Amino acid sequence: MDWIPFNDLSRAIAAQRVELDAALAEVLDSGWLVHGPQHSAFESELAEYLGVPHAAGVGNGTDALELALRAVMPSGRDVVISAANCGGYTSTAARRAGYRLRYADVDPANHVLTADTVAPLLDEGVGAVVVTHLYGRVADVAAIRAVCEPLGVSVVEDCAQALGAGAPGSRTGSFGDVAAFSFYPTKNLGALGDGGAVASRSAETDAAVRRLRQYGWDRKYSVADDGGRNSRLDEMQAAVLRVRLRRLDEATRARRAIVERYAAAASDRVRVLPIDAGHAAHLAVVETKEVESLQAHLAAALVRSDVHYPIPDHKQPAFVADQSGTFLATTEQLAGQILSLPLFPELQDDEIERVCAALASF
Ligand SMILES: *Cc1c(COP(=O)(O)O)cnc(C)c1O
């Protein structure tokens, strides 16, 4: 018997090979390599999918977060509120922009920020809250906005794990002031390399992101904004993403169905985080007090697993010096109780059955 991989990107590539070859050939024939027709078309198609007027391609998801933060940070403020259980990307992005992090705890049932965990941390130094739709779950952005807006605090959605979450007309990425996306190959919409995007409903925010992603230019060779950089999505990736965006909803349904099978099979020593309405099912995460023995049990059944994420941001070696007073009871407890199961749309029926059997016999 073979190992059941945590992810296997070659399967989607094989299934889509004809379409991908055609899309890449179109780019080669066009002679456009950056910011050409594929890129413009992808930006429009993504914005339309999300139901927002603007989407701007960038080089990756971490850049998307950084540029989004810079674009909406009110002047004179420098504190960013974030969860500490989301892999550290927001922390990296905010710190690069020169902002300070303040971490809010998460809801014990859903693992995401709530208005109740954010509100007590708001003060006049706070410029933005980053809400991560972790694992693909739709966080309650409206409730968080309601406590932020009166204080002039911007709300950024981190949709790196949640493209396709929500419902048509109310997609994640359309709820906050601005939203960041990653097209890293393992994401629900993955490129054949790196990629990212920033979506917003504000023409002003969109224009700021478009300046910042290309040296701070407002037009060729005219640097209007300091803090700019080079962060572009290239034509090859844009062409691939256009092919895959068309298949996204179908892939999301497949992901959700797999997690639902895991949930139905799992023994009562394992809690599969529920795939509730609008969940994009990026990761199949289970909670258990016995992570190590579950991981060993799965390995004995040749099932790969992983932890997202083992080290909360305020405990990261590079950040810990700035966070001596930070204690997050729920975040710290959950970090030791989570395990992610194999999940990608091309998992085969017999593989899913084997994961289910291992979950049932634990
Ligand atoms: C992957 C990810 C990012 C970063 O995206 P990159 O394209 O790898 O820079 C940011 N936030 C979350 C929640 C992610 O999962």
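Is Tyr-215 buried, partly exposed or exposed? In this predicted model, Tyr-215 has a relative accessibility of 32% and therefore counts as partly exposed, the buried class ending under 20% and the exposed class starting over 50%. The legends below begin with this residue.

**View 1. Tyr-215 in the loop between α8 and β10.** The backbone of Tyr-215 has a phi near 65°, a positive value in a residue other than glycine. With 32% relative accessibility, the residue is partly exposed.

**View 2. Strand β5 and its two parallel partners, β4 and β8.** Five of the five residues of β5 (residues 154-158) are buried, so the strand is largely enclosed by the rest of the structure. In a regular strand, side chains alternate between the two faces of the sheet. Both faces of β5 are covered: Ser-154, Val-156 and Asp-158 are buried on one side, as are Val-155 and Glu-157 on the other. Strand β4 (residues 126-132) pairs with β5 in the parallel sense through five bridges, and Val-131 stands opposite Glu-157. The pairing of β5 with strand β8 (residues 178-182) is also parallel and comprises three bridges; here Val-156 has Val-178 as its bridge partner.

**View 3. The β-α-β unit of β4, α7 and β5.** Helix α7 (residues 141-148) belongs with β4 and β5 to a β-α-β unit, and this unit is right-handed. The two strands of the unit are parallel to each other.

View 4. A nitrogen atom of the ligand lies 2.7 Å from a side-chain N or O atom of Asp-158. Oxygen atoms of the ligand are found 2.7 Å from a side-chain N or O atom of Ser-182 and 2.6 Å from one of Lys-187. Of the 380 Å² of accessible area that the ligand has on its own, the protein covers 92%.

**View 5. Leu-65 of helix α4.**

**View 6. The loop between α11 and α12, with Tyr-309 and Leu-302.** This loop runs between α11 (291-300) and α12 (329-335). His-308 and Tyr-309 are joined by a cis peptide bond, with omega about 10°. Leu-302 has a phi near 60°, a positive value in a residue other than glycine.

**View 7. The open antiparallel sheet β12-β13-β14.** Three strands make up this sheet, in the order β12-β13-β14. Strands β12 (271-272) and β14 (338-341) stand at the edges with a single partner strand each, so one side of each has no neighbour in the sheet. Between β12 and β13 (residues 284-287) there are two bridges, in the antiparallel sense. Val-272 has Val-286 of β13 as its bridge partner.

Key: Residues numbered from 1 in each chain as written. Predicted model: local features only at pLDDT ≥ 70, side-chain atom pairs only at ≥ 80, totals over all residues. Heavy atoms only, no water. Buried < 20%, exposed > 50% of the residue type's maximum accessible area, 1.4 Å probe, protein only. Helix = DSSP H or I, 4+ residues; strand = E, 2+ residues; numbered from the N terminus. Pairing = 2+ DSSP bridges. Right-handed = clockwise from strand over helix to strand, strands pointing away. Polar contact = N/O pair within 3.5 Å; in protein donor to acceptor, adjacent residues only side chain to side chain. Areas by Shrake-Rupley, 256 points an atom, 1.4 Å probe, with all protein chains shown as cover.
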